[in-house]
Amino acid sequence: AADGAIGILALYQDSPSILGNNLRYMGAHGIHCLDVSDPVINGNTVLGQESTKNGIYLESSATGAVVVGNVVEGFSGPGGSGIAAANRVGGVVSANLVRRCETGMNLNGCTAMSVTGNSAMSCGTSYSQARGAGMLLASNASAG
């Protein structure tokens, strides 16, 4: 994909399911949900090319999200994250494998979310900003 390519861009939707996609060599975001309420993102493979963006990016909606069973790799440029969510309330982030990203998961401002059973491998920072009220972080693994 080109340097600025976004694999899947979902805009202003309610409860979309983004399932089983294979997105390779993304220069920007792999899956970008902008003002999307209650998305289900499951079973996707998202490979970046040293991108400074995010493999899976949930932006501008305070609703929950289900992000389960995805493989994200190669968002290793400055500021890049495997999975990034901002100000979400509720939801589940579970059983994801994130490799070779600047930050494995950046959950800035998220609250009341269950983040369990994820693996962050060869990431500069494994889990960032994941300390909001009511956050449950358990059984997550990280290795340099």
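**Figure 1. Burial of Glu-73 in the predicted model.** Glu-73 is buried in this predicted model. The relative accessible area of Glu-73 is 16%, and the cut-off for a buried residue is under 20%. Side chains of opposite charge can pair when their charged atoms come close. Glu-73 belongs to a network of salt bridges that also includes Arg-99 and Arg-100. In total, the structure holds two salt bridges.

**Figure 2. Salt bridge between Glu-73 and Arg-99.** The closest N and O atoms of Glu-73 and Arg-99 are 2.9 Å apart. Arg-99 is partly exposed, its relative accessible area being 32%.

**Figure 3. Salt bridge between Glu-73 and Arg-100.** Here the N to O distance between the two side chains is 3.0 Å. Arg-100 sits in the loop between β12 and β13 (103–106), whereas Glu-73 is in strand β9, so the pair connects parts that are 27 residues apart in sequence. Arg-100 has a relative accessibility of 42% and counts as partly exposed.

**Figure 4. Open parallel sheet of six strands.** The strand order is β3-β6-β9-β12-β15-β18, and the pairing is parallel. The edges are formed by β3 (22–26) and β18 (141–143); each has a single partner strand, so one side of each is left without a neighbour in the sheet. From one strand to the next, the twist averages 5 degrees.

**Figure 5. Pairing of β12 with β15.** Strands β12 (residues 97–99) and β15 (residues 119–121) run parallel and are joined by three bridges. Leu-97 has Ser-119 in β15 as its bridge partner. Strands of a sheet pair through backbone hydrogen bonds, either parallel or antiparallel.

**Figure 6. The largest nonpolar core.** This core has 29 residues. Those with the most contacts inside the core are Ile-31, Cys-33, Ile-41 and Val-67. Two or more residues each come from β3, β4 (31–34), β7 (54–59) and β10 (81–85). In soluble globular proteins, nonpolar side chains tend to be buried together.

**Figure 7. Surroundings of Ile-41.** Neighbours within four places in sequence are left aside in this view. Ile-41 is in contact with Ile-18, Ile-31, Cys-33, Ile-56 and Leu-58, among others. Further contacts of Ile-41 are Val-66, Val-67, Val-68 and Asn-70. Ile-31, Cys-33 and Val-67 are listed with Ile-41 among the core residues with the most contacts.

Terms used. Residues numbered from 1 in each chain as written. Predicted model: local features only at pLDDT ≥ 70, side-chain atom pairs only at ≥ 80, totals over all residues. Heavy atoms only, no water. Pairing = 2+ DSSP bridges. Helix = DSSP H or I, 4+ residues; strand = E, 2+ residues; numbered from the N terminus. Axes fitted to C-alpha atoms, helices over the stretch in contact; angles between N-to-C directions. Core = buried A, V, L, I, M, F, W, Y, C linked by side-chain atoms within 4.5 Å. Buried < 20%, exposed > 50% of the residue type's maximum accessible area, 1.4 Å probe, protein only. Contact = heavy atoms within 4.5 Å. Salt bridge = Lys/Arg side-chain N within 4 Å of Asp/Glu carboxyl O.
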